[in-house]
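Student: Please take me through this structure slowly, setting each term against the definition behind it.

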Amino acid sequence: MPAPTEPAPTDALIVGAGPAALALAAELRARHHSVRIVAPHAPQAFPATYGAWLHDLPGWAQACAAHVWTDVRVYTGPQPTPLLRPYALLDNTRFLHALLDRAGPLTWTVGTVTHAVPGPDGWTVHTREGHALSARFVVDAAGHAGSLRRPRHPGGAALQTAFGLTARFERPPCAPGAMVWMDYRAPHGPGEPPTFLYAMHLGGDTYFVEETSLIARPAPTCAALRARLHERLRAQGTPPGEILHEEWVAFPMNTAAPDPHGPLAFGAAGGMVHPISGFQVAGALRAAPLVAHAAAGALRAGRDPHDAAWAALWPPERRAAREVHLLGVQALLNLPPDQLAPFFRAFFALPPAAWHAFLDPDTPPGALARTMLRLFATLPNRTRLPLARAALATPGVSGRALRSAMNVPTASAHPPPGQAEHAGGMSDDTRRENAVLNHEDLNQTETIQSGMQGATGNADANGLDPDVDLGERVEELRENLRPLTEQK
């Protein structure tokens, strides 16, 4: 009997079968590369509930929306704050079929990946079932835990957890026709850690409601969130009737930018979960063409596609932005339970372009840092204290954030290999920065007469004077925060 033959090599092999994996597969196939998917199951509808800001989705994904709400609101007190930004819930079956249709023919191997080994012509990926699969470009898109590499979480994983249910309600649990992005009111009494209601009207008497812990370490359990959700619904007089579906969500929010070597990590496995909102899918759909273009160019040129893909996905500006976001994560973890609502009240009182940009994974670090400074200035002292402590605990990150906010060029800790300089003009990163800063009142350049101690008439509305020495400004910031940080 002849020996069994190994499967034919492919240009790309992607571990995982979620939206990020299939989006990247589709983009590689569009560039005429063969792609193998390796996953523990055949194609199946995604189990999670995927929501996104409508205009963050590419057009083809917008067409997969099951519902779109224009009445989107946040409650950080008795009255709602309208967000005036359309929000979409994806139809997972339609979404899956759209991704598969865009990809066209894929080679699909059902199996569980154990490890990958580099070779002279690419990589060989091994599975628990005994497969040895060869490809020139290997991607780990296996979800939050990863497969070929383990994500890093500074200080330990800080989780977002949520328990949700779809049910029929005799009395509406939220405003009919509305989507509630965050409701920190607590009719059932305060809890620790604090949780909020995320709710959607799905039509008729059907609603999706979810009790969510934004970020915590340790995080509330499924049982605790289920109990709090039912307590909330009973307290507001809207207990569910027939329950159609239940959902449990738990994933880390503080994944560090991966080290750029070996197989590419993409989607949740690659640290693409937004550290403040928890969103990931829209960002992966937007990043997939960029990554596929870089990898395809390297494959055609006979270069290592992994180096090209890493550089495209995690350029220096994006790594710097992740540092700023992780500083925000630590600040949220430091907040006392009763200060989360005031924090988000101030956050959503910012100009829409400012909070939109802060929740956008592609926003440059300077715009993020400016928004953080602007938000800090509006908060009460009790809320400022833990934020100040988070900033002073990581002086290197805080200093780089201040440099970015002041538009002082700063080198990334992880520059991509062979990064090209753009002589005689702005870099793409600078253009993106200026586009964000000049949009809808985000760049506050009007003259003010006071701000941080010693501000001059050249200071902008963030209290940043371009003529001041950065070292002096950092010491000034420390001095201004000293009364807060020395409180017991």
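Tutor: Let us start with strand 1, which is joined to strand 11 (residues 132-140) in the parallel sense by 5 bridges. The model is a predicted one, in which local features need pLDDT of at least 70 and side-chain atom pairs count only at pLDDT 80 or more, while totals for chains, interfaces and linings use all residues. Residues are numbered from 1 along each chain as its sequence is written, and side-chain values use heavy atoms, with hydrogens and water left out.

Student: What makes strand 1 and strand 11 a pair?

Tutor: Two strands are said to pair if DSSP finds at least two bridges between them, and strands themselves are DSSP runs of E with at least two residues, just as helices are runs of H or I with at least four, both numbered from the N terminus. With 5 bridges between them, strand 1 and strand 11 therefore count as paired; within this pairing, Ile 14 has Val 139 as its bridge partner.

Student: How many bridges join strand 1 to strand 2?

Tutor: There are 4, and strand 1 runs parallel to strand 2 (residues 35-39), with Ala 12 bridged to Val 35.

Student: Why is the unit made by strand 1, helix 1 and strand 2 called right-handed?

Tutor: The word describes the crossover: with the strands pointing away from the viewer, a right-handed path from the first strand over the helix to the second runs clockwise. The β-α-β unit of strand 1, helix 1 (residues 19-30) and strand 2 is assigned that hand.

Student: Why is strand 1 said to be largely enclosed by the rest of the structure?

Tutor: Buried means under 20% relative accessible area, with exposed over 50% and partly exposed in between, using a 1.4 Å probe and protein chains only. In strand 1 (residues 10-15), 6 of the 6 residues are buried, so the strand is largely enclosed. For the protein chain, buried residues make up 51% of its 488 residues.

Student: What makes both faces of strand 7 count as covered?

Tutor: Side chains in a regular strand alternate between the two faces of the sheet. In strand 7 (residues 87-90), Tyr 87 and Leu 89 lie on one side and Ala 88 and Leu 90 on the other, and all of them are buried. Strand 7 is antiparallel to strand 3 (residues 51-53), with 3 bridges, and also to strand 4 (residues 65-69), with 4 bridges. Tyr 87 stands opposite Trp 53 and is the bridge partner of Trp 69 as well.

Student: Why is Arg 318 called buried?

Tutor: Its relative accessible area is 14%, which is under the 20% cut-off, and so Arg 318 qualifies. Arg 318 belongs to helix 7 (residues 316-334) and, leaving aside neighbours within four places in sequence, is in contact with Met 272, Leu 313, Pro 361 and Asp 362.

Student: Is Ala 346 buried or exposed, and why?

Tutor: Ala 346 has a relative accessible area of 12% and is therefore buried. This residue of helix 8 (residues 340-349) touches Leu 375, Thr 378 and Leu 379, not counting residues up to four places away in sequence. Ala 346 and Thr 76 are 270 residues apart in sequence but 9.4 Å apart in space, C-alpha to C-alpha.

Technical notes
Contact = heavy atoms within 4.5 Å.
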